Amino acid sequence: MDVSTFRTWIAEATQLVVDNADHLTHLDAAIGDADHGINLRRGFQAAQAMLDETAPTTPGAVLTTVGRALISKTGGASGPLYGTGFRQAGKTLGEDLEVSPIQLGAALQAALAGIQQLGAAAEGDKTMVDALIPAVSAYQAVIDTGGDLPEATRAAAEAAARGLQATIGLSARKGRASYLGPRTIGHEDPGAASTVLILQALANATGPAVERAAS
Amino acid sequence: MKKLINAPDEVLLDALAGVAAAHPSLSVNVEERYITRAGGPTPGKVSLVSGGGSGHEPLHGGFVGYGMLDAAGPGEVFTSPVPDQILAATKAVNAGAGVLHIVKNYTGDVLNFQMAAELAGDEGVQVEAVVVNDDVAVENSTWTAGRRGTGATVFIEKIVGAAAERDADLATAAGLARQVNDRSRSFGVALTPCTVPAAGKPGFELGEDEIELGVGIHGEPGRTRGKLVTAREIAGIALEAIHTDMPLSGETLVMVNGLGGTPLIELYVVFAAVAEWLKGHGVTIARSLVGNYITSLEMAGCSVTVCKLTPQLTELWDAPVNTPALRWGR
């Protein structure tokens, strides 16, 4: 994967976030404060604009630029959390021009660690982490057993989607939704839902060329 | 959605332009999104910076001025400000004695202020943060994000602002802020939901005869839903919740705060009930505030905040203040 793959990932993520902004906001209205889609759309559009403006030349720089833009423009809790995730992932990739699937796995791990360190959320708290943890594990499992990149990113996106489904039965323990406690049961977590979109975008950007052309 | 706006995405910038045009005592940096005193920072004084999502006006911008805040960083509606703007505001008002961040306890606010404080520290600005968490409607356990910051924020900004004008150092100001926070509790009730302009529809639905108990200030639903009862009963519910959490006694500072869509006459009806309840429990109202001070857009309803005073806190509360939304004694 070179810089163009990473640019495609972010472009796809921006598109998915924009297309689903109302849905994310709707999910947030049920258990939070109805701004997740609005904020994330603003953040990713700013990230896309900053990438166009600065044209970073390495995959690592693409991700750290995205992280910085998300922190600067998103607001809410999701800005610092996703921003830190992308920045940590970017730092892990260093200055390399070409990134291997193993390196991407390490970057995803670093993103997860950064998000968990900042937000202090554990699995089962009904947060973005409930989509991210299974996704990172699924990616790693495919790579460890000799699978290729498209399989690994697809597995990550699917695991994230399953993690999102599992948040429906959970009672929120972190973030603004935690004020509602048990009243959050029965609703998807908006942060987990946006994590699914970002990983879906990664799968689209790294998937088989034929599938990409068809989608 | 019926609102006096030009476009949903422009509400914050248009409102900041209005603040700038209406209040020559304030300086509004529209580009970096912060509000400071027009006269600039006072040399040698600890500066107070607060901020949070917009939609709670007059909090925080309306409390910038002599005796209260030095700067406010307004985020988008109900969305915490970003680190860059808090950092810019912090640097703009740093007068060499350090900067106190007054942060309401919401995950987003805490994270963004924390990042701003780290960046400010990297640039040599001494920052101390105080997290306000006075809302008794939220159970304070390790299983939640903790209690929300609501009405006590106004008390802290006023009282610590007064102390800062008298040359309290950063550690003293922070200690005082924590003291006021520890001695204050709030409880809110909503009669209607509210609509974030960019979202276009209400945050939750409420039946004609329903109220939401234990609401915050972001249009989020509360802990439970109940039937609409009398103002006297609502005051009782709020005060029982507060009293259970922090037994009330002695002299108090009491605020009955409108959430944005409730007329002042109803707030006075509630205040009468609050006064009656407190009297019945042997509690004295030494100071009071009735009006819209920390709102939730056009939400109808109110919050009740009680602070157990000490002679020092009363004296600082009475000290002169000169801001767009709070002004006396000068």
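**Notes on a predicted two-chain model**

1. Start with the contact between the chains. The contact takes 29 residues from chain B and 25 residues from chain A. On chain B, the elements that give two or more residues to the side touching chain A are β4 (71-77), α2 (83-93) and α3 (107-122). The top contributor to this side is α3(B), with five residues. By class, the side of chain B that touches chain A has 14 nonpolar, 11 polar and four charged residues. Keep in mind that this is a predicted model.

2. Next, chain B as a whole. Its secondary structure comes to eight helices and 14 strands. Taken along the principal axes, the C-alpha atoms of chain B fill a box of roughly 50 × 50 × 40 Å. Does the radius of gyration point to a compact globule or an extended chain? For 330 residues, a compact globule would have a radius near 20 Å, and chain B has 19 Å, which agrees. Buried residues make up 56% of the 330 residues in chain B. Now take contacts in chain B between residues at least 6 apart in sequence: 72% of them join residues at least 24 apart.

3. Now the domains. Chain B is divided into domain 1 (11-183) and domain 2 (184-317). Their centres, taken over C-alpha atoms, are separated by 22 Å. In chain B, 27 residues of domain 1 are in contact with 33 residues of domain 2. On the domain 1 side, α4 (152-165) and α5 (170-182) of chain B each supply at least two residues. The largest share of that side, eight residues, comes from α4(B). By class, the domain 1 side has 14 nonpolar, seven polar and six charged residues.

4. Then the largest nonpolar core. Which of its 171 residues touch the most other members? They are Ala156(A) and Ile159(B). Helix α9 (residues 190-206) of chain A gives the largest share of this core, 10 residues. The core also draws at least three residues from each of domain 1 (11-183) and domain 2 (184-317) of chain B. Look closely at Ile159(B). Leaving out residues up to four places away in sequence, Ile159(B) touches Leu176(B), Val180(B), Leu313(B), Leu316(B) and Trp317(B).

5. One helix of chain A deserves a look. Helix α4 (residues 59-73) of chain A has 15 residues. From its first C-alpha to its last, α4(A) reaches 21 Å, close to the 21 Å expected at 1.5 Å a residue. Of the 15 residues of α4(A), 12 are buried, so this helix is largely enclosed by the rest of the structure. Among the buried residues are Val62(A), Leu63(A), Leu70(A) and Lys73(A). What covers the buried residues of α4(A)? The cover includes α1 (3-19), α3 (36-54) and α5 (78-93) of chain A, together with α2 and α3 of chain B. After α4(A) comes Gly75(A), whose phi is positive, near 75 degrees.

6. Last, a loop residue. Where does Pro202(B) lie? Pro202(B) is in the loop between β7 (184-190) and β8 (210-213) of chain B. It counts as partly exposed because it has 19 C-beta neighbours inside 10 Å, and a buried residue needs 20 or more. Not counting residues up to four places away in sequence, Pro202(B) touches Pro193(B), Cys194(B) and Thr195(B).

Technical notes. Residues are numbered from 1 along each chain as its sequence is written. Chains are lettered from A and ligands numbered from 1 in the order in which they are written. This is a predicted model: local features need pLDDT of at least 70, side-chain atom pairs count only at pLDDT 80 or more; totals for chains, interfaces and linings use all residues. Two residues are in contact if their C-beta atoms, placed from the backbone, lie within 7 Å. Helices (H or I, at least four residues) and strands (E, at least two) are DSSP runs, numbered from the N terminus. Ala, Val, Leu, Ile, Met, Phe, Trp, Tyr, Cys and Pro count as nonpolar, Asp, Glu, Lys and Arg as charged, and the others, Gly among them, as polar. Domain bounds come from an automatic or database domain assignment. The radius of gyration is taken over C-alpha atoms; the globule rule is 2.2 Å times the number of residues to the power 0.38. A nonpolar core is a set of buried Ala, Val, Leu, Ile, Met, Phe, Trp, Tyr and Cys residues joined through C-beta atoms within 7 Å. The expected span of a helix is 1.5 Å times one less than its number of residues.
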